[in-house]
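Hello,

Here is the structure we spoke about, with its sequence. My notes on what was found in it come after.

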Amino acid sequence: MYVCGFLCYNTLIEAYTAGRWRQEAQMKIVGGGGSFENRIYELELDLAWRLVQECASEMKLELSNQDEQNHLLEGKIDRQEFNTIFTIFTGSTKYVQINVQQLDPKDVQVIFDVHKKQMEVYNWGRGDKLVDEFYDLFEQKMDEALHSVICPQCHAKVSVKHKFCPECGAPLQ
C-alpha cells in the first residue's frame with residue numbers, strides 16, 4: 001500500500017529464533033529517504049540491549065544520546081551512496097534511533113528508525129539498506145549469543161556443542 005510516497009506493510013512471518021519456529025509480527029515503512037521497522041524477538045531485555053549496542057558500535061553509529069533506562073540509542077551514520085542519475089558516489093548522513101522495549105517477560109521489540117535530516121518527498125527509492133544491515137547483524141549476534149558460552153579459563157567464545165574449550169582445553173560446563 002502506498003501512502004503519500006511511503007510503502008507501508010505489515011507481515012506475519014515465520015521466524016526461526018532460539019532454536020524453534022514461531023510467528024511474529026513485523027511492520028515496515030519505507031520512503032522519503034528513510035525507513036522504520038520493528039521486529040519482535042524471544043530474548044531477555046538485557047541481552048537484546050547489549051546486542052543492539054554491539055551492532056551500533058560495529059556499524060559506526062556516532063552516538064548523540066544513549067538512554068540506558070529507556071534502552072534508546074540515537075545518533076548518525078555517514079555513508080557513501082551511489083547516485084544513479086549522475087553516476088557518482090555522494091556522501092550521505094543518516095540519522096538513526098534504535099529502541100528496545102520489553103513486551104512481556106519473554107519477548108522484546110527492537111525498533112530501528114533511519115532517516116535523513118529532512119524528509120525527501122520526491123525520493124521513491126528504497127531507504128531500508130541500513131535497516132536490513134542492522135537486523136542481519138543483530139540476528140547473527142543473537143544466534144551467536146544463544147548458541148555459545150564463554151570459557152571460564154581463557155574467556156574465548158565457544159559453541160555450546162563443545163565439552164572442552166578448543167583454545168585452551170579447559171572443561172566446559
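**Aromatic residues and the core**

Tyrosine 135 is buried, with a relative accessible area of 0%. Keep in mind that this is a predicted model. The charged end of arginine 39 sits over the ring of tyrosine 135, at 4.2 Å from the ring centre. Tyrosine 135 also belongs to an aromatic cluster, whose members are Tyr41, Phe112, Phe134, Tyr135 and Phe138.

In total the structure holds 5 aromatic pairs. One of them joins phenylalanine 112 and phenylalanine 134: the ring centres are 4.6 Å apart and the planes stand at 20 degrees, so this pair is stacked. Phenylalanine 112 lies in strand E8 (residues 107-115) and phenylalanine 134 in helix H2 (residues 129-146), so the pair ties together parts that are 22 residues apart in sequence. A further pair is formed by phenylalanine 134 and tyrosine 135, with centres 5.1 Å apart and planes at 70 degrees, so it is edge-to-face. Phenylalanine 112 has a relative accessible area of 1% and is buried; phenylalanine 134 is buried as well, at 0%.

The largest nonpolar core has 28 residues, and those touching the most other members are Leu43, Val52, Ile98, Phe112, Phe134 and Phe138. At least two residues of this core come from each of H1, strand E6 (72-83), strand E7 (88-102), E8 and H2. H1 gives the largest share, 8 residues. Another core, of 6 residues, lies apart from this one, and includes Cys151, Ala156, Val158 and Ala170. As background, nonpolar side chains in soluble globular proteins tend to be buried together.

Setting aside neighbours within four places in sequence, phenylalanine 138 is in contact with Tyr41, Leu43, Ala48, Leu51, Val52, Cys55 and Val110.

Helix H1 covers residues 45-58, 14 residues in all. From first C-alpha to last, H1 reaches 20 Å, close to the 20 Å expected at 1.5 Å a residue. The buried residues in H1 are Leu45, Leu47, Ala48, Trp49, Leu51, Val52, Cys55 and Ala56.

H1 is followed by lysine 60, which lies in the loop between H1 and strand E5 (62-67). The phi of lysine 60 is positive, near 60 degrees. Histidine 71, in the loop between E5 and E6, also has a positive phi, near 50 degrees. Most residues other than glycine have a negative phi. How do the two stand in accessibility, buried or exposed? Lysine 60 has 68% relative accessibility and counts as exposed, whereas histidine 71, at 13%, counts as buried.

**The chain as a whole**

The protein chain has 2 helices and 10 strands. Starting at the N terminus, its elements run β-β-β-β-α-β-β-β-β-α-β-β. Of its 173 residues, 40% are buried. Among contacts between residues at least 6 apart in sequence, 42% join residues at least 24 apart. The accessible surface comes to about 10800 Å², and carbon and sulfur atoms account for 53% of it.

Regards

Notes: Residues numbered from 1 in each chain as written. Predicted model: local features only at pLDDT ≥ 70, side-chain atom pairs only at ≥ 80, totals over all residues. Heavy atoms only, no water. Helix = DSSP H or I, 4+ residues; strand = E, 2+ residues; numbered from the N terminus. Expected span 1.5 Å × (residues − 1). Buried < 20%, exposed > 50% of the residue type's maximum accessible area, 1.4 Å probe, protein only. Phe/Tyr/Trp six-rings, centres within 6.5 Å; stacked < 30°, edge-to-face > 60°. Lys NZ or Arg CZ within 6 Å of the ring centre and 35° of its normal. Core = buried A, V, L, I, M, F, W, Y, C linked by side-chain atoms within 4.5 Å. Contact = heavy atoms within 4.5 Å. Areas by Shrake-Rupley, 256 points an atom, 1.4 Å probe, with all protein chains shown as cover.
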